[in-house]
Amino acid sequence: MQIKNLVLDSPFILAPLAGYTDLPFRLVCRKFGAGLCVSEMISCHGLFYNQPKTLAMLASADEERPVSFQLFGAEPEIMGKAASIMSSHHPDIIDINMGCPVKKVTKKGAGAALMATPDLARTIVREVVKNASCPVTVKFRTGVNAEELTAVDFGKMAEEAGAAAVTVHGRTWAQGFTGTANWEIIAQVKEALSIPVIGNGDIITHQQGLKLMADTGCDGVMIGRGALGNPWIFSNSPPPERIEEIIPAALLHLEYMEQYLPVNKMLGCLKSHIGKYFRNIKGCANMRKAVFECQDFSALKELVGKYSSTDQTDEK
Ligand SMILES: Cc1cc2nc3c(=O)[nH]c(=O)nc-3n(C[C@H](O)[C@H](O)[C@H](O)COP(=O)(O)O)c2cc1C
């Protein structure tokens, strides 16, 4: 898959997930075969007003390249300025969030609310493209609601305004995360656009991702929740079922966390990532419980390491 001059080594892409797709998790997913990883959504205001927490979200490392930073906001001028600030951190792509249904975002006219104001959305895409030093992509939904499935026109608008690719999450704004992803609309957008189209929604195995591409003709697949605790989804081999095979991935993730995050400040978030590696795995009930009882990062790392050298097969 190719976005302008950027050639991806796999069409499987890690979706932006607020609270999850930080640098350590993106590095893990790249190692396991993701062709591109997208950051959590980053506020244009936070960048514009130089807020340290927002600027920290621009952390990256050469080994994760290519990386896409996702921007959200609803004021064209501030979005343009934020795109220019983002560009000074050299992302390979800037993605614009036009799909987030969370009230805190939509009540300010940003995220999925932009699907209801396509003229404003067009101005934003143009401003971001004008100020970005890399290709700009747009992530949106199938429409505002079941009566207004506007993804095809919205996608054409994004292409005309200068987007280099689009991602379609197969749900409407009104659906939030309920119901199932509508692949038919993804196929219609692909048919109507000349730029690459990435399909998204409910993919939980590599095979399903391949089927989404085959059924809709889309150029790439974006995976969100299906990648949590399961970076194997980016490779063609099935996810491991045995704890000994899972531990090295969890340890790699912990090492990246230690390298790049203020770990003890973020302990809750780290535990939730690590706990996900062991969900649905037979023999891991005690392990999951112990993960959530850890009081600090070194205890968490020690615990996971300990399980790599212990036979846990008698546990239920
Ligand atoms: C916890 C969580 C956080 C999310 N954060 C973002 C975000 O920051 N930006 C965005 O465009 N979408 C965000 N999404 C939507 C996902 O990128 C994706 O479109 C959606 O989850 C459907 O894909 P999936 O079924 O593979 O998870 C988020 C979803 C979840 C569950």
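Let's start inside the protein, at its largest cavity: by class, the residues lining this space are 6 nonpolar, 3 polar and 1 charged. Keep in mind as you look around that this is a predicted model. You can pick out the lining by finding Ile3, Leu36, Val38, Ser68, Ile93, Asp95, Thr137, Thr167, Ile198 and Met222. Two strands, β4 (36-43) and β6 (93-98), each supply at least two residues of that lining. The space held there is about 50 Å³, and the count of cavities of 30 Å³ or more comes to 1.

Now turn to the ligand. Which residues come nearest to it? Of the 16 residues around the ligand, they are Pro16, Ala18, Asn200, Asp202 and Arg225. On histidine 169, a side-chain N or O atom lies 3.5 Å from an oxygen atom of the ligand.

Finally, have a look at helix α8, which spans residues 183-192. At its start, asparagine 182 extends a side-chain oxygen to within 2.9 Å of the backbone nitrogen of glutamate 184. Further into α8, Ile185, Ile186, Ala187 and Val189 are buried. What do the buried residues of α8 pack against? Their partners are the strands β7 (136-143), β8 (165-172) and β9 (197-200), together with the helices α7 (151-160) and α9 (206-216).

Conventions
Residues numbered from 1 in each chain as written. Predicted model: local features only at pLDDT ≥ 70, side-chain atom pairs only at ≥ 80, totals over all residues. Heavy atoms only, no water. Buried < 20%, exposed > 50% of the residue type's maximum accessible area, 1.4 Å probe, protein only. Helix = DSSP H or I, 4+ residues; strand = E, 2+ residues; numbered from the N terminus. Contact = heavy atoms within 4.5 Å. Polar contact = N/O pair within 3.5 Å; in protein donor to acceptor, adjacent residues only side chain to side chain. 1 Å grid on protein atoms, 1.4 Å probe; cavity = no way out; pocket = protein on both sides within 12 Å on 5 of 7 lines; lining within 4 Å. Points joined across faces, edges and corners; volume = space filled by probe spheres on them. Nonpolar A, V, L, I, M, F, W, Y, C, P; charged D, E, K, R; others polar. Near = heavy atom within 4 Å.
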